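Hi everyone, thanks for making time this morning. Let me put the sequence and the structure up, and then I'll walk you through what I found.

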Amino acid sequence: MTRPHLDTLFYEQVNDVGLRRKLRDARGFCNWHAWQARKIASSALGVAIIANDLITDENKGESGNAAQTPIPLCWPCDIEFNALY
Ligand SMILES: [Zn+2]
């Protein structure tokens, strides 16, 4: 179930503003989905773009205080959770 979402993300949604905001809010992918992204041959540029976005956001200090702000599920986890419940 996860792989099609990640394929679509890296194929056509890397520059989607709303999706990038969700990824920033979740501080990227969970460990599982980060490893899944690694298995997608065409994901290298997308991963680099998203990683650059996350690091830039973190350096700006706009991601909030981790101790006080609950971190939402990573984007693919959120899709899977909402599909199940
Ligand atoms: Zn996840």
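**A walk through the helices**

So, the protein has five helices and zero strands. Reading along the sequence, you get the pattern α-α-α-α-α. Please keep in mind that this is a predicted model. Its mean pLDDT is 86, with 89% of the residues at 70 or more. Confidence is highest in helix α2, residues 17-25, at a mean of 93, and lowest in α1, at 84.

Now to the packing. How many of the 85 residues count as buried? The share is 14%. As for contacts with a separation of 6 or more, 85% of them join residues 24 or more positions apart.

The largest nonpolar core has nine residues. On your screens, look for Leu6, Leu9, Phe10, Leu23, Phe29, Ala37, Ile50, Cys74 and Trp75. Helix α1, residues 2-13, gives the largest share of this core, three residues. Let's stay with one of the core members, Phe10. Beyond its neighbours within four places in sequence, Phe10 is in contact with Ile40, Ser42, Ser43 and Gly46.

Next, helix α4, which covers residues 44-60.

Ile49 has 14 C-beta neighbours inside 10 Å, so it counts as partly exposed; a residue needs 20 or more to be buried. Where does Val14 sit relative to Ile49? The two are 35 residues apart in sequence, yet their C-alpha atoms are 7.5 Å apart in space.

One last stop, for those of you who like backbone angles. Arg27 lies in the loop between α2 and α3, the latter being residues 31-38. Arg27 is not a glycine, and still it has a positive phi, of about 60°. With 16 C-beta neighbours inside 10 Å, Arg27 counts as partly exposed.

That's my tour. Happy to turn the model around for anyone who wants another look!

Key: Residues are numbered from 1 along each chain as its sequence is written. This is a predicted model: local features need pLDDT of at least 70, side-chain atom pairs count only at pLDDT 80 or more; totals for chains, interfaces and linings use all residues. Helices (H or I, at least four residues) and strands (E, at least two) are DSSP runs, numbered from the N terminus. A residue is buried if 20 or more other C-beta atoms lie within 10 Å of its own, exposed if 12 or fewer, and partly exposed in between; C-beta atoms are placed from the backbone. Two residues are in contact if their C-beta atoms, placed from the backbone, lie within 7 Å. A nonpolar core is a set of buried Ala, Val, Leu, Ile, Met, Phe, Trp, Tyr and Cys residues joined through C-beta atoms within 7 Å. pLDDT is the predictor's confidence in each residue, from 0 to 100. The expected span of a helix is 1.5 Å times one less than its number of residues.
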